[in-house]
Amino acid sequence: MIVLSSSGFGDPEAAARAAAQERYDSIYEEAVLMIKKYETMHKPRHWPLIGYGHLVMAGEKYRRGVVLSESEADAVLRNDLLKNAAFFRKYGADSLLLGVLAYNIGCGNVAKSTFLKQLSAGDRGPAMRELYMMYSRIHGRPHKGLRQRRADEYDLLINLDSMVRARADEVRARLGGRGTPRENTATKIPLPVRRQTPAKPSVPKPTYRPPHAAQNASDK
C-alpha cells in the first residue's frame, strides 16, 4: 500500500515497485500451489524425498521414515523455492520460473540448459515453450504427467503476450480447485533485481529428484 503525501501526490516509482512486488508475491503463491499439486505429500517409502519433494541431504535433521505435517512440508517447500529463485535472481522476474524448474531437475541442470541459454539471449518466441517442455522425461522416455506439469509452469510463470496470459488463467482455474493461495507470513519474498554484471554463483547441489525415477534433464 502506497501512502500519499499530504499534498496528495505519491511517489510513482515507489508505487510501481509496490505493484511489481505484489504481483510477484501473488504469482509465487500460485507457484507453491502448483508444486503441491504435482508433487503431493511424499510417504516414508519415497525416502530420501519428504514433504512435497524435498531431497534430504547429508547433515539435515530428518531421519528415514519421517512424515512431515502439512505446515512443516509447506515451510520446507517455500524455503527450497526461495533458495532456487535467489540462485537465478539475475534473471529478474524469470527467476521464479527457473526456480520452479530447478525444484524438479536441480539448479545445476537448469544453469547449463539450452532453455536458459536461449532465455538469456532474449528469445521468447513460441518455440521456447516446447523447449521448456523437453524437460519431461524419465529414464529417457517422455512422461505425460511431467509434460503437463512443464506446460502449466511455463504458461503460468513466463512473461509473454495475451495468448499466454489466457493460458495462465486456465492454469489458475485448475489450481483454484485446490484452495486459495494463503498469504506468505513466514518471509517476505524479495522481488529479484536484474543485475548488469552479477558475480557468477557456485552451483549448489540439486534440491530435488523426481519421485520413483531418475530425471533425464539433458536436452533431447
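**A buried helix and the nonpolar core**

In the protein, 42% of the 220 residues are buried (under 20% relative accessible area, with exposed meaning over 50% and partly exposed in between; 1.4 Å probe, protein chains only). The structure is a predicted model, in which local features need pLDDT of at least 70, side-chain atom pairs count only at pLDDT 80 or more, and totals for chains, interfaces and linings use all residues. Residues are numbered from 1 along each chain as its sequence is written, and side-chain values use heavy atoms, with hydrogens and water left out.

The protein contains 8 helices and 4 strands, arranged along the sequence as α-β-β-α-α-α-α-α-β-β-α-α. These elements are DSSP runs numbered from the N terminus (helices, H or I, at least four residues; strands, E, at least two). Among contacts with a separation of 6 or more, 63% join residues 24 or more positions apart, a contact being heavy atoms within 4.5 Å.

Helix α3, spanning residues 95-105, is mostly covered, with 11 of its 11 residues buried. Just after α3, G106 adopts a positive phi of about 95°.

The largest nonpolar core comprises 43 residues, of which L81, F88, L96, L98, F115 and L157 touch the most other members. Two or more residues are given to this core by each of α1 (12-39), α2 (70-87), α3, α4 (107-111), α5 (114-120), α6 (127-133), α7 (144-157) and α8 (162-176). The largest share, 8 residues, comes from α3. Such a core is a set of buried Ala, Val, Leu, Ile, Met, Phe, Trp, Tyr and Cys residues joined through side-chain atoms within 4.5 Å. Leaving aside neighbours within four places in sequence, F88 is in contact with S95, L98, G99, A102, C107, V110, A111 and L116.

Helix α3 also packs against α1: the axes of the two helices come within 11 Å and cross at roughly 20° (lines fitted to C-alpha atoms over the stretch in contact; angles from 0 to 180 degrees between N-to-C directions). Helix α1 is therefore roughly parallel to α3, as angles under 35 degrees are classed. The contact involves Y24, I27, Y28, A31, I35 and E39 of α1, and S95, L96, V100, Y103 and N104 of α3.

Definitions and conventions. Angles under 35 degrees count as roughly parallel, over 145 as roughly antiparallel, 65 to 115 as roughly perpendicular and the rest as oblique.
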